[in-house]
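Welcome, and thanks for taking a look at this one.

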Amino acid sequence: MDVYSKRKYLVIGLFSLSAMIIVLRLFYIQVVDSSYKISADNNVLRREVNYPARGVIYDRNGKLLVFNQAAYDVLIIPREVKPFDTLGFCSIVGVDKKELVNEIIKAKSYSRYKPSPVIKQLSSQTYAVLQEQLFKYPGFYIQARTLRQYPAKIAAHVLGYVGEVDQKIIDGNKYYENGDYIGRSGIEKAYEDELRGVKGISYKMVDVHQMVKGSFEQGRMDTAAMIGKNLISTLNADLQSYGEQLLSGKVGSIVAIEPETGEILVLASSPSFDPGLFVGRERSKNYMKLLNDPFKPMLNRAITSSYPPGSTFKIANALIGLEDGVLQTVRFSCSGPASTPIVCTHNHETPLGLISAIRESCNSFFWQAFRAEMNHFPTPSEGLNAFRNSLLEMGIGKRIGGDLYAETSGNVPSLAYYDKIYGAGGWNSMTIRSLSIGQGELLLTPLQLSNMVALIANRGYYIAPHLVRSIQNYDLTQDTLQFEKHTIAAGVENYEMIVEGMEQVVEQGTARASAKVDSLIICGKTGTIQNPHGEAHSAFVAFAPKIKPKIAIAVYIENGVWGARYAAPIASLIIEKYLKGRISSRRKQFEDAMFNSDLISTMKNESGD
Amino acid sequence: MKSNNNIWLNLDWLTVFLYLTLVFLGWLNIYAAVYNEEHQSMLDMGQKYGKQLIWIIAGIIIAIMVFTVDSKFYAAFAYPIYAVTIILNIAVLFLGKEVNGARGWFEFGNVALQPEELGKFATNLALAKCISQFDFKIQKMRSYLILFSLIALPAILIIMQNDTGSALVFAVFVFVFYREGLNGMVLFWGFAAAALFILALLLNEFQLLLFLLIISIAAYGVLRQSLKEALIGFTSIMGTLGVLWLVDSIFHLGGTPLQLLLITLTISAILVIVYAILRRIPQVWRILLFFIFAIGISMSVNYFYKQILAPHQRDRIDQVLGIKIDKLGRGYNVNQSKIAVGSGGFLGKGFLEGTQTKYNFVPEQSTDFIFCTVGEEWGFLGSTVVVGLFLWLLIRLITLAERQRSQFSRIYGYGVACILFFHIAINISMTIGLAPVIGIPLPFFSYGGSSLWAFTVLLFIFLRFDATRTENLR
């Protein structure tokens with residue numbers, strides 16, 4: 001009845017034929033052709049990362065500041081880990097079981113297929129033992145790395161530290177992956193690209209037993225590692241070390257610059273720490289300890305803390321007045337402690353000119369000088385703008401722009417700021433007179449202070465202060481780095497007036513007792529900064545020698561009572577050490593006093609009360 | 001309630017057994033594919049095998065529900081069901097969510113449904129309804145057009161949802177039509193076109209023309225039942241070609257082999273036509289028609305291939321034909337999948353012991369490439385058993401279809417068998433490099449509720465028809 005019913009055979013035949021073809025094909029690839037089995041054995045591709053040694057950092061005389069030491073990380077690929085003798089393993093690498101288990105759990109949550117570090121920075125000795133036993137621990141691998149070592153334990157803030165990349169870095173830069181290290185601060189951060197070199201990546205074919213069977217695609221996809229470049233820093237390691245010793249027990253900082261080149265000789269911030277604390281297994285513990293210290297040892301005060309400059313600022317004020325041509329010949333009167341609106345605490349002749357005013361640090365002279373500078377312009381607004389622009393040119397109130405990571409800008413109040421407080425037209429030069437003596441809203445970093453002195457020392461220019469002078473290439477040639485030169489042409493004779501005043505400060509003025517060094521002409525300026533929260537701060541800026549200066553320095557000691565008390569001795573000791581090579585016996589007492597003074601304990605006790 | 005008892009008694013338990021076995025084996029393989037030491041519990045609902053277990057249980061409940069609905073309902077509502085399905089497939093284009101580049105999913109909270117899965121059974125019902133009408137004669141041109149439209153409509157909508165692979169499934173209904181009396185020549189031309197398509201990609205124009213020429217002469221010989229005539233034809237054409245080639249090389253005319261062949265063919269064609277008219281040989285016209293059709297197909301292949309197919313689709317076909325070998329690019333899936341299957345050997349590596357499938361070498365391990373796990377862990381033996389079970393199920397379905405009293409349920413049964421066949425054959429073939437990668441699931445095996453339920457519904461409606469096969473449905 002159904003004429004087409006025989007056609008079912010064709011359909012069934014088609015089904016059967018297809019099944020037969022499939023089965024034949026299966027037979028071929030599963031039983032006959034053995035190449036697929038070999039492929040499967042070779043299938044596991046392993047990506048090996050070759051970490052290049054990070055560049056080392058030298059001081060200006062070729063002394064090592066940072067170098068590398070081999071260390072070994074233990075990685076696991078969680079998927080490949082089989083149950084193993086945990087106690088045996090722990091006793092080799094010297095961790096407790098709980099820690100190991102924790103790390104393995106962390107690694108699993110990151111990825112089951114990708115390697116994660118579980119034990120970091122094993123020593124070479126431990127590595128040697130583990131290497132022999134490694135076959136017992138499938139899924140465990142060893143990755144060679146280098147660790148930073150600090151032979152002199154100095155300049156922690158300058159050098160910075162390296163740390164493991166976090167997820168944010170990984171997301172932001174595809175070069176980095178989990179477990180990589182990166183410079184986190186200081187030179188390590190600013191020169192990360194030069195120091196790190198380039199990771200090499202090679203693809204290895206491995207069998208099920210993780211034995212390397214050869215390169216993948218004859219190594220065509222591999223990239224070679226390139227070691228990091230070495231840096232020649234501008235620091236003078238001996239002087240840096242000496243500066244750090246002088247700062248001990250105090251909160252403050254030192255910045256010393258070679259004026260002619262802008263090269264930073266010393267950049268010290270106290271309290272400091274051993275840079276080696278950020279290396280090795282105790283790293284995070286140490287980090288937390290430093291982070292929680294109330295005196296913030298990780299803070300680089302020399303470039304990130306902004307302070308009122310106090311009387312040291314009178315140098316800048318004087319330079320602006322001379323530029324405007326209003327201070328060359330004037331004499332202003334001073335009534336000493338009876339002066340209004342700002343008292344002068346020093347006893348000296350009156351009326352007096354600029355050079356004497358610098359020597360005596362006369363407040364009366366400088367607020368009158370400031371008024372003259374402001375009145376030089378038709379309106380206070382124009383006067384302030386000109387004043388502020390002059391300061392910005394000097395690198396005050398903005399980042400100077402060398403190679404310092406995390407440099408801050410300080411603050412020079414703007415027109416808008418005063419208009420907001422007093423209303424537009426509601427103020428004049430006398431309203432904002434505290435600027436003239438470096439108090440009030442004016443804030444400078446110690447770096448800016450030292451740069452200001454370098455400008456005076458150079459009589460008219462400065463080069464952005466920097467920490468690295470050259471980069472060593474692979475062929476050992478050096479690329480010398482160039483930094484911006486800023487010229488402030490105010491006339492050499494004007495600079496010489498300020499220099500004269502500064503010389504007299506040390507020879508016969510406010511720093512004559514604390515900063516005078518025999519047979520050396522030091523030009524300096526003290527600063528004592530009123531501090532509503534406690535003892536006044538102590539500041540001193542100087543350069544030496546007077547002719548062809550070799551060093552410009554700023555020292556700022558928090559709660560250092562007055563300028564000549566701590567800052568001036570410290571600065572002059574560094575100058576003496578640098579230029580004379582040794583401290584004269586007459587001045588040993590200052591050195592001892594600085595080494596042994598301990599303001600921090602006093603402050604701790606006070607805050608404890 | 002007697003009739004209600006009857007359907008359970010009449011249920012074809014063999015099919016149910018095959019269905020449950022395949023679903024269970026599928027689930028074991030999903031477990032093996034995503035297995036790792038941390039999630040060992042087979043009932044972990046956070047893992048794919050845990051979810052699949054829920055889909056399976058829900059699938060069985062759906063099967064029971066579908067089975068208990070009266071057969072007459074499906075017959076009566078075939079067109080409305082088809083209409084609703086079409087509407088849903090249009091709606092999803094605008095309201096659906098994109099998953100893996102295919103805009104074909106409705107989302108209801110945690111559950112995502114693919115209306116295209118309804119397309120197969122709805123179209124199957126509609127076709128069964130249409131063909132089983134009293135006055136329907138399949139040989140008419142008008143019938144072709146109606147059937148073609150019924151298939152093309154959902155297929156086009158599914159292509160618009162960016163799931164070309166699933167749309168190809170609808171081509172398989174041609175076997176259903178064949179069973180219902182479609183002219184065998186249609187099937188023949190279909191196969192011929194497919195074969196030509198592949199040849200056109202593999203051979204250059206000269207080789208292709210030569211090949212067609214030989215086929216034509218052979219066909220002529222068969223039709224005329226004369227080896228002598230075929231041989232004479234062949235030698236004279238080859239002789240002409242040889243002479244032309246000789247002339248060309250002596251006088252340095254610089255003709256390409258293709259040009260020489262074309263000249264030969266033109267001369268031969270004129271001679272053959274003259275000869276055919278003089279000697280009144282009707283077979284020649286048919287051969288010529290085939291020859292022209294063949295050339296037309298192969299010429300259009302190039303256009304179709306370059307202009308209509310997307311680059312990734314072209315690549316997949318190239319991979320299978322061996323035109324392009326690119327083990328880390330587009331060919332990565334298939335190469336890794338072949339390695340996984342091939343490494344299984346004769347007996348396989350054992351349950352949960354597969355390494356290739358564990359290391360995530362094979363993408364889509366639990367869905368489209370689930371057969372890799374079978375191949376790797378159960379080896380040739382296990383794979384053959386699974387293929388055997390599938391074949392058994394298909395043949396069983398044809399047997400059941402043939403015992404239907406009404407044409408409606410027979411057509412539907414054939415449809416079920418053919419749809420399953422297409423999925424099984426193509427899915428397994430693509431994992432072992434016999435077919436281009438078309439993203440279609442392996443019935444009952446692949447992970448995912450939507451497809452499991454769709455195949456279950458498809459199958460159990462037919463089992464219901466079979467349980468009441470004495471009824472006359474139309």
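Angles between helices run here from 0 to 180 degrees between N-to-C directions, with axes fitted to C-alpha atoms over the stretch in contact. With that in mind, helix α2 (residues 13-34) and helix α3 (residues 48-68) of chain B pack at about 160 degrees, their axes 8 Å apart. Angles over 145 degrees count as roughly antiparallel, which makes α2(B) roughly antiparallel to α3(B). Please keep in mind that this is a predicted model.

**Confidence**

- The model has an ipTM of 0.85 and a pTM of 0.57.
- For chain B the average pLDDT is 84, and 90% of the residues score at least 70.
- Where pLDDT is low, the predicted coordinates should not be read in detail.

**Helix pairs in chain B**

- α2(B) and α3(B) cross in the right-handed sense. On the α2(B) side the contact is made by B:V23, B:W27, B:I30, B:Y31 and B:V34, and on the α3(B) side by B:K48, B:Y49, B:Q52, B:L53 and B:I56. By class, these residues divide into 8 nonpolar, 1 polar and 1 charged.
- Helix α5 (residues 78-95) and helix α6 (residues 116-131) of chain B have axes that come within 8 Å and cross at roughly 150 degrees. α5(B) is therefore roughly antiparallel to α6(B). Their crossing is left-handed.
- From α5(B), the contact with α6(B) takes in B:A78, B:Y79, B:I81, B:Y82, B:T85, B:L88 and B:N89; from α6(B) come residues including B:E116, B:L118, B:G119, B:A122 and B:K129. This contact has 10 nonpolar, 4 polar and 2 charged residues.
- For helix α11 (residues 205-224) and helix α13 (residues 257-279) of chain B, the axes come within 9 Å and the crossing angle is roughly 30 degrees. α11(B) and α13(B) are therefore roughly parallel to each other, and their crossing is left-handed.
- Where α11(B) and α13(B) touch, B:E205, B:F206, B:L209 and B:L210 meet B:P257, B:L258, B:L261 and B:L265. The contact of α11(B) with α13(B) has 7 nonpolar residues, no polar ones and 1 charged.

**Strands around β3 in chain A**

- Strand β2 (residues 57-58) and strand β3 (residues 64-76) of chain A pair in the antiparallel sense over 2 bridges, with A:I57 opposite A:V66.
- β2(A) and β3(A) form a hairpin with 5 residues between them, and A:G62 in the turn has a positive phi of about 85 degrees.
- β3(A) also pairs with strand β5 (residues 140-149) of chain A, in the antiparallel sense and over 10 bridges. A:D73 has A:Q143 in β5(A) as its bridge partner.
- Strand β4 (residues 116-122) of chain A pairs with β3(A) in the antiparallel sense over 4 bridges; here A:V74 stands opposite A:I119.

**A five-stranded sheet in chain A**

- Which strands make up the open sheet of 5 strands? The order is β12-β11-β19-β18-β17 of chain A, with antiparallel pairing.
- β12 (263-270) and β17 (523-529) of chain A stand at the edges with a single partner strand each, so one side of each has no neighbour in the sheet. Neighbouring strands of this sheet are turned by 5 degrees against each other on average, direction ignored.
- β17(A) is joined by 7 bridges to strand β18 (residues 537-544) of chain A, and the two run antiparallel. A:K525 stands opposite A:V541 in β18(A).
- Helix α20 (residues 567-580) of chain A lies across β11 (252-258), β12, β17, β18 and β19 (551-557) of chain A, and runs at about 150 degrees to β19(A).

**Backbone details in chain A**

- Most residues other than glycine have a negative phi, and most peptide bonds are trans.
- The peptide bond from A:T350 to A:P351 is cis, with omega near -5 degrees. A:P351 sits in the loop between α13 (314-324) and α14 (354-360) of chain A.
- A:A544 and A:P545 are also joined by a cis peptide bond, with omega about -15 degrees. A:P545 is in the loop between β18 and β19 of chain A.
- A:K296 is a residue other than glycine with a positive phi, near 45 degrees. Its place is the loop between α11 (283-292) and α12 (301-304) of chain A.

Key: Residues are numbered from 1 along each chain as its sequence is written. Chains are lettered from A and ligands numbered from 1 in the order in which they are written. This is a predicted model: local features need pLDDT of at least 70, side-chain atom pairs count only at pLDDT 80 or more; totals for chains, interfaces and linings use all residues. pLDDT is the predictor's confidence in each residue, from 0 to 100. Angles under 35 degrees count as roughly parallel, over 145 as roughly antiparallel, 65 to 115 as roughly perpendicular and the rest as oblique. A crossing is left-handed if the near helix is turned anticlockwise from the far one by less than a right angle, and right-handed if clockwise. Two residues are in contact if their C-beta atoms, placed from the backbone, lie within 7 Å. Ala, Val, Leu, Ile, Met, Phe, Trp, Tyr, Cys and Pro count as nonpolar, Asp, Glu, Lys and Arg as charged, and the others, Gly among them, as polar. Two strands pair if DSSP finds at least two bridges between them.
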